[in-house]
Amino acid sequence: MSHRPNDMIALAKTKAEPGLWMGRYPVPEIGPEDVLIKINKTGICGTDIHIWNWDDWASQTVPVPLITGHEFAGEIVEIGAQVEGLSIGQRVSGEGHLVGKLSRQSRSGKFHLDPETRGIGVNEQGAFAQYLKLPAFNVVPLPDDIPDEIGAILDPLGNAVHTALSFNLVSEDVLITGAGPIGIMAAAVARHVGARNVVITDINQDRLALAEQVTDVVAVNVANEDLKDVIARLGLKEGFDVGMEMSGNQAALDQMVEAMVMGGQIAMLGIPPGKSPVDWSRIVFKAITIKGVYGREIFETWYKMISMLQNGLDVSKVITHEFPVAAFETGFGEMLTGSSGKVVLDWTSS
Ligand code: NAD
Ligand code: ZN
């Protein structure tokens, strides 16, 4: 491209210690099946906080140096020779999981189950940069009515949508444990698709207050209220029909199993730390189905979430902070409090 700059600003893990550092890097060279995306906005994910903190998972997973970040919206500025159906200037987001095409599941069209999946900003160069190289296969065009800040949170909204659409929620009573950004968005999705009661739990009052601002939910602080009382208050005779575990906390899963109806269905997105004890006999005697949920269905989840956003799903209030990228340390600071919603960084002024 004629106006291709030589280098760009990016946020990278350059030392094996807590923090991220802003530096200048070469603009990525794209291959024949890639596009180059000029980044407008990015979301900070819980994963980025693990990488910032350099915890056990991050130090065992993330190579140094690496440009981090995987939640983004931007526009296409270069297109590889083999790419069809995309154009320069097109506004896009994209799937950050890079999948192989040879596994049993990929060949059956279930790309999200490919065992060779690699993540941008985790295993490969990421999106906290002025420019991102992405396979054209992973690009998801943004309709004009979806702004960049929503485009920048489609990755976690996709986690919420994937989990929420795992089981039929129409007229069902739904329990969500964990009112982080993803739990809150899952509550909004459950409402949107027609659940009867949506209850969300947390032990952080700020997060529960945010949930109530974003959508019509019953927010329960399980540090000082018993779920049994909530079940009685709502007039649920036998408990919740569908559960979504979105805290990664073992106590929350136990509580959920107890609060479910016989034959209830649980979708588990939350990642417990290491091995967690589970009372399997309760799960067997209650005939509960548990589904693990990873990532987003490629690309069915993307299709459904964009459709829902165009049909009245509003998650905009889950974005509690937006900063220019120069203030990224403040943005990460807000995330590190554990009480923020989504924090978005703006790259357009950088
Ligand atoms: P988050 O950490 O922001 O939110 C988790 C919330 O759970 C917090 O608000 C916390 O206070 C709350 N919590 C802690 N103990 C609780 C308890 N006993 N009962 C109820 N709530 C409790 O996380 P997030 O970014 O919203 O993500 C949600 C979960 O999903 C995390 O575990 C994350 O690691 C996981 N995740 C999984 C995937 C996947 O592909 N499977 C993708 C993204 C995130
Ligand atoms: Zn994410």
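Helices (H or I, at least four residues) and strands (E, at least two) are DSSP runs, numbered from the N terminus. This is a predicted model, in which local features need pLDDT of at least 70 and side-chain atom pairs count only at pLDDT 80 or more, whereas totals for chains, interfaces and linings use all residues. Residues are numbered from 1 along each chain as its sequence is written, chains are lettered from A and ligands numbered from 1 in the order in which they are written, and side-chain values use heavy atoms, with hydrogens and water left out.

A nonpolar core is a set of buried Ala, Val, Leu, Ile, Met, Phe, Trp, Tyr and Cys residues joined through side-chain atoms within 4.5 Å, where buried means under 20% relative accessible area, exposed over 50%, and partly exposed in between (1.4 Å probe, protein chains only). The largest such core has 47 residues, and Leu 157, Ile 176, Ile 200, Met 244 and Val 315 are those with the most contacts inside it. Elements that each supply at least two of its residues include helix H5 (154–164), strand E12 (197–202) and helix H11 (300–310), while H6 gives the most, with seven residues. Apart from this core lies another, of 36 residues, among them Ile 44, Trp 52, Trp 54 and Trp 347.

H6 and E12 also each supply at least two residues of the shell around ligand 1. Of the 21 residues in that shell (a heavy atom within 4 Å of the ligand), Asp 202, Arg 207, Leu 269, Val 293 and Gly 295 come nearest. A polar side-chain atom of Asp 202 lies 2.6 Å from an oxygen atom of ligand 1, and a polar side-chain atom of Arg 207 lies 2.9 Å from an oxygen atom of the ligand. Taken alone, ligand 1 exposes 860 Å², of which the protein buries 80% (Shrake-Rupley method, 1.4 Å probe).

Several backbone features lie in loops. A cis peptide bond joins Ile 298 and Phe 299, with omega about 5 degrees, and Phe 299 is found in the loop between strand E16 (289–292) and H11. Another cis peptide bond, also with omega about 5 degrees, joins Val 64 and Pro 65, the latter in the loop between helix H2 (56–61) and strand E4 (66–67). Trp 54, although not a glycine, has a positive phi of about 55 degrees, and this residue counts as buried because its relative accessibility is 15%. Ala 287 likewise has a positive phi, of about 50 degrees, but at 46% relative accessibility it counts as partly exposed.

How values were computed
Polar contact = N/O pair within 3.5 Å; in protein donor to acceptor, adjacent residues only side chain to side chain.
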